[in-house]
Structures are given as C-alpha cells and as structure tokens.
Amino acid sequence: MVPSCAEGGVLGVLPGIIGCIQATEILKLALGKGSSLLGRLLLFNALDMTFRELKLRRDTQCPLCGDKPTITQLIDYEMFCGITPEPETTAQNPDQVTVHDLKKALADPKLGIKVIDVREPDEYQIARIDGVPLVPLSMLAQRFTELDPNQQYYIHCKSGVRSMKALKFLREQGFKYLKNVKGGITAWADEIDHNVPKY
C-alpha cells in the first residue's frame, strides 16, 4: 500500500526550492516587475539539478481557468492524500492513548504494559524512545509470533497511522489488549522529550 505524503515523506529540500520559486513569482506580480511563469510550465528535477520549461497555450475548456470553470474551490487535501482525520479526543477512539499515557506505562512496569515501535530501522536510528523495541510494520507479518497475544501493548510509529495499521493487523491475529499511541514519536518529541529529534 502506498503511504500518504505525511507518512512517506518527501525530499525535504525539494518543496523548499519550489516554495522559493513560488514566493519569487508572488513578489514579481506584486511589484509588477520581471517576466512571470504565466503560461509556462517549469519542471524541476532535483536528482539531476535541471530545469526545463514548457510553453502552454490557454485551454478554453479547462475546468479551472477556462471560459466556464467548474472547479471553483479547494479540494479536501487530507482526503485526497488518504490521511484519515484523527478523533479530537481519545474517548471517541478507545483504541488510542496519548503520549502522556505512554510515559506513565514506561515509568511504571507494574502496569504490565509493553511498548513496541513499528517504524522502519532508518527512522529508529534517527529518533527513538529508550527501551522501546523495534518491530517494523513491514516485518510484522513475519515477526508477530515473537509477541505475546495476551500481553497489553502500546504501539507507536511516527504519527499514529502505521501503528494503527499494526494494531488492526495484530487484532486480526487474536491480540486483544492493544492501544495506538496518538501522534507517535512526533507527539513524544513535542510534548514529552524535546531532545528526541524530529524528522
């Protein structure tokens, strides 16, 4: 399954370069100076560091900018990218816990809660929570037998999307006591430990 932009990520400098070009275009339009990209398509290949330009003729049938546009408002970007909106509170989703709940579970072994990280090894090298083992989602189908189906687990990833997939998969295998950590390690870095790198 193809991950969303939020989960899969992008080469960080790429949107930065395009954003600078877009900002330059806005400044030129505001100042009334220079030659804009209006009517031209600029293609940027970051891997080869090349720019290409295509000249475009106006399409009078274009649903966005034609003589009779039918697209007049922005799309729902989250739905377009396949990002499922999270419930506002954990009470609305009983399968979720907060990073504060995760902190309590890690601090008090008597609670009997184990935590697993389902991100990929390269992500784990960048940022991790001490003492939390890695069981990548990509390997979960091969490794779930290493886990105890009667044990309570808190599952986390980067933001909570992959860990929810892991929760659903484990539940199908007969695991009953599972919770997804809302916001994942990103929320942990924001709310609990600011020394954990964000990526």
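Mentor: Please begin with the surface, where Leu-41, Leu-43, Leu-54 and Leu-56 form a nonpolar patch with about 300 Å² of accessible area together. This is a predicted model, in which local features need pLDDT of at least 70 and side-chain atom pairs count only at pLDDT 80 or more, while totals for chains, interfaces and linings use all residues. Residues are numbered from 1 along each chain as its sequence is written, and side-chain values use heavy atoms, with hydrogens and water left out.

Trainee: Why is Leu-56 called partly exposed?

Mentor: Buried means under 20% relative accessible area, exposed over 50%, and partly exposed in between (1.4 Å probe, protein chains only). Leu-56 has 49% relative accessibility, and therefore counts as partly exposed. Leu-56 is found in the loop between β2 (50-55) and α3 (77-80); helices (H or I, at least four residues) and strands (E, at least two) are DSSP runs, numbered from the N terminus.

Trainee: Which residues of helix α8 (residues 184-191) are buried?

Mentor: They are Gly-184, Ile-185, Ala-187, Trp-188 and Ala-189. The buried residues of α8 pack against α4 (99-107), β5 (152-156) and β6 (178-181). Leaving aside neighbours within four places in sequence, the contacts (heavy atoms within 4.5 Å) of Trp-188 include Val-99, Leu-102 and Ile-129.

Trainee: What makes a group of residues a nonpolar core?

Mentor: Its members are buried Ala, Val, Leu, Ile, Met, Phe, Trp, Tyr and Cys residues joined through side-chain atoms within 4.5 Å. The largest core has 16 residues; among those touching the most other members are Ile-185 and Trp-188. Helix α8 gives the most to this core, with 4 residues.

Trainee: How do you know that β4 (113-117) and β5 are paired?

Mentor: Two strands pair if DSSP finds at least two bridges between them. The parallel strands β4 and β5 are joined by 5 bridges, and therefore they meet the definition. Asp-117 stands opposite His-156 in β5.

Trainee: Why are β3 (96-97) and β4 at the edges?

Mentor: The open sheet of 4 strands has the order β3-β6-β5-β4. Strands β3 and β4 each have a single partner strand, so one side of each is left without a neighbour in the sheet.

Methods:
Patch = residues over 30% accessible without salt bridge, like charges linked within 9 Å, V, L, I, M, F, W, Y side chains within 5 Å. Areas by Shrake-Rupley, 256 points an atom, 1.4 Å probe, with all protein chains shown as cover. Salt bridge = Lys/Arg side-chain N within 4 Å of Asp/Glu carboxyl O.
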